[in-house]
Amino acid sequence: MSLRFYDTGTRSVRTFEPLEEGRVGMYVCGATPQASPHIGHLRSGVIYDVLLRWLRASGYEVTFVRNVTDIDDKIIQVAAEQGVPWFAVAEGNQRLFTRGYDTLGCLPPTVEPRATGHVPEMIALMRRLIEKGHAYAAGGDVYFDVKSWADEYGALSNQRLENMRSAGDTPNEDAKRDPRDFALWKGAKPGEPSWETPWGPGRPGWHLECSAMATKYLGPTFDIHGGGVDLIFPHHENEVAQSRAAGDGFARYWLHNGLLTVDGEKMSKSVGNVVLLPDLLDRARPVEARYYLLSAHYRSLMDYTDAALAEAVSAYQRIEGFVTRASELVGAEAPAAEAGAVPTAFAEAMNDDLGVPQALAVLHETVREGNGALASGDLDAVRARLADVRAMAEVLGIDPLSPQWRRAGEDDLRPVVDALVSLALEQRQAARARKDYAAADAIRDSLAEAGIVVEDTPQGTRWELKRG
C-alpha cells in the first residue's frame, strides 16, 4: 500500500506524492511559549515525531521545520503581569517545550526558526502582497485584503466569506477596509517591542510569520503542513491566503491532529484541569507517557483519564517484558532494531493515514507470538519476533532497549545489583532444594520489597527491577 494521508485541504484521503522524489519538506506549527507546555502540546509533538520517523523509515530524506512564535499578544501580556521582559517569558517557556519534547523522545527538527529572527522575510512578503493589491497599510498596521482573495478564502476551513465575522485581531478595527481583513503587521505601541519596516515600526501578526519561515526553509511550494485542528481557522486559512495571493504554491498536503481533553473537558486554567508533563511523569515513565500520547489515531479527539494512562502503562510493559526476556535469552545474538524491516501488516497500517492504533495491534500480536515462542523454547522464533517487535517499536520511538529510555545510573549499578541478587537467588534455590519453602518465599518477598521482581521460567529463574 502506498503512503496515504487525510488532506484537510481536499477533505479526502490522498496518496502521498512528494514534490521531489525521495525528499519531503514538512512544516509544523510549534509553540507560542507564553506558558509551560501541557500534554496537549506534547501530544502534537509526539504525533509529528512519529510521522517524521515513519517518513524516514520509508526511505525519505526529510527537512522538518517547526517554528517558535516568540512574540505574541499573550507573551506581552504575561510579561507585563510578571514584570519581566517579553523575551524572558518566551525563552524560559520555550526551554520547557524543548525539554518536554526531549523527555518524550522526540527527534529534533532540522531547523526551529523563531519569528523575531525573520522580520526581513516578512517585510519582503508584505511588499509582494501590497504590490499585487492583496494588502494595504493603514495607521501603522498592514492588513490582508480578504475581498481581494474572496474566491479562495475559506476553502481550507470549508467556510464562505459572507458567513465570517470580524478578525478581531487589532483594536484599530476602524482602519480596516473590511472587518474580516486580518493583520499582517501591527503598529508599535508604547512599551511594546517593535521592528522597523517601510510602513513604520511594529511587530508581526500571528499568521505572517509562518508563511515567511516555511517558504524560507522549504521553498515557495512544499509537501506537508501540520498542526492542531484548532489552527485550521483562522491561522492556517490565513497562511494559505497570504502565501498563494503572493504567488507561492505553499503546502500541498494539510495534516491536522485532534485535541486533547481531560475527563471530557477542555483544559483550562480557570477550571484547574491543565495537565503538565510533570503531572504525567508522576504516574508513568517517559516512554510510557509517550506510548500513551501516540496510542490514539492522530486525527481523533483524545480524552485523558488516569485509568486510560494506567492501561497504556500496562500495555507498554507487556512489550517491554517480552523484549527484556527475549534479549536475555538470545544474549549476544539479540538483533538490533531496523526501522525499515517492519512486518507488512504494520507498514500497511502506518501507510493508511498513519494508523498507529492498528500498527500497535500488530505490534502486540507479535509480542503474543513471541511470548508463545519463549514458552515453547523455540529460539529461532524468539529471535525473529524480537527483531520484528524492536523494528516496529523503533518506528514509534518506544524501543525498550533504546539508550533514550535507560534510567539514569541504571547501567552503572547493574553489575552491583546483579551480584547481590544472584547471591540472594542462590540462597533461595538452596532453600527450595532442601524443601524449606518458607525460607525461599521469604527471600522472594524481601527482594520484592526492594523492588526486585523474581520470575521462575522454563529457562530458569530471572529477575528485573520493578517498573514505575
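**Entry 1: helix α5**

I started with α5, where 10 of the 13 residues are buried, so the helix is largely enclosed by the rest of the structure. Buried, in my notes, means under 20% relative accessible area, with exposed over 50% and partly exposed in between (1.4 Å probe, protein chains only). Helices (H or I, at least four residues) and strands (E, at least two) are DSSP runs, numbered from the N terminus.

Before going on, I noted that this is a predicted model, where local features need pLDDT of at least 70, side-chain atom pairs count only at pLDDT 80 or more, and totals for chains, interfaces and linings use all residues. Residues are numbered from 1 along each chain as its sequence is written, and side-chain values use heavy atoms, with hydrogens and water left out.

Which residues of α5 are buried? I wrote down His-207, Leu-208, Glu-209, Cys-210, Ser-211, Ala-212, Met-213, Ala-214, Thr-215 and Leu-218. The helix covers residues 206-218 and reaches 19 Å from its first C-alpha to its last, close to the 18 Å expected at 1.5 Å a residue. That expected span is 1.5 Å times one less than the number of residues.

**Entry 2: the parallel sheet**

Next I looked up an open sheet of 4 strands, in the order β4-β3-β9-β10, with parallel pairing. Its edge strands are β4 (61-66) and β10 (250-257), and each pairs on one side only. From one strand to the next, the twist averages 25 degrees. For pairing, the rule is that DSSP finds at least two bridges between two strands. For angles, axes are lines fitted to C-alpha atoms (for helices over the stretch in contact), and values run from 0 to 180 degrees between N-to-C directions.

I then went through β9 (residues 221-228), which runs parallel to β3 (residues 23-28) and is joined to it by 3 bridges. Tyr-27 stands opposite His-225 in β9. How many bridges join β9 to β10? I found 7, and these two strands run parallel. One pair I noted there is Gly-226 with its bridge partner Leu-255 in β10. Strand β9 is mostly covered, with 7 of its 8 residues buried.

I also checked Val-28, which sits in strand β3. Is Val-28 buried or exposed? Val-28 is buried, with a relative accessible area of 3%. Val-28 and Tyr-48 are 20 residues apart along the chain, yet their C-alpha atoms are separated by 7.9 Å.

**Entry 3: the antiparallel sheet**

Another open sheet of 4 strands has the order β5-β6-β7-β8, and its pairing is antiparallel. Here β5 (135-138) and β8 (202-204) stand at the edges with a single partner strand each, so one side of each is left without a neighbour in the sheet. The twist averages 25 degrees from one strand to the next.

Inside this sheet, 3 bridges join β6 (residues 141-144) to β7 (residues 182-187), and the two run antiparallel. Tyr-143 has Ala-183 in β7 as its bridge partner.

**Entry 4: the cavity**

A cavity is a set of points, on a 1 Å grid over the protein atoms alone, where a 1.4 Å probe fits but cannot get out; lining residues have an atom within 4 Å of a point. The count comes to 1 cavity of 30 Å³ or more. About 40 Å³ of space lies in the largest cavity, where volume is the space filled by probe spheres set on the points, joined across faces, edges and corners.

What lines the largest cavity? I listed Ile-47, Val-50, Leu-294, Ala-296, Tyr-298, Leu-354 and Val-356. The lining divides into 7 nonpolar, no polar and no charged residues. Nonpolar covers Ala, Val, Leu, Ile, Met, Phe, Trp, Tyr, Cys and Pro; charged covers Asp, Glu, Lys and Arg; the others, Gly among them, count as polar.

Methods. 1 Å grid on protein atoms, 1.4 Å probe; cavity = no way out; pocket = protein on both sides within 12 Å on 5 of 7 lines; lining within 4 Å.
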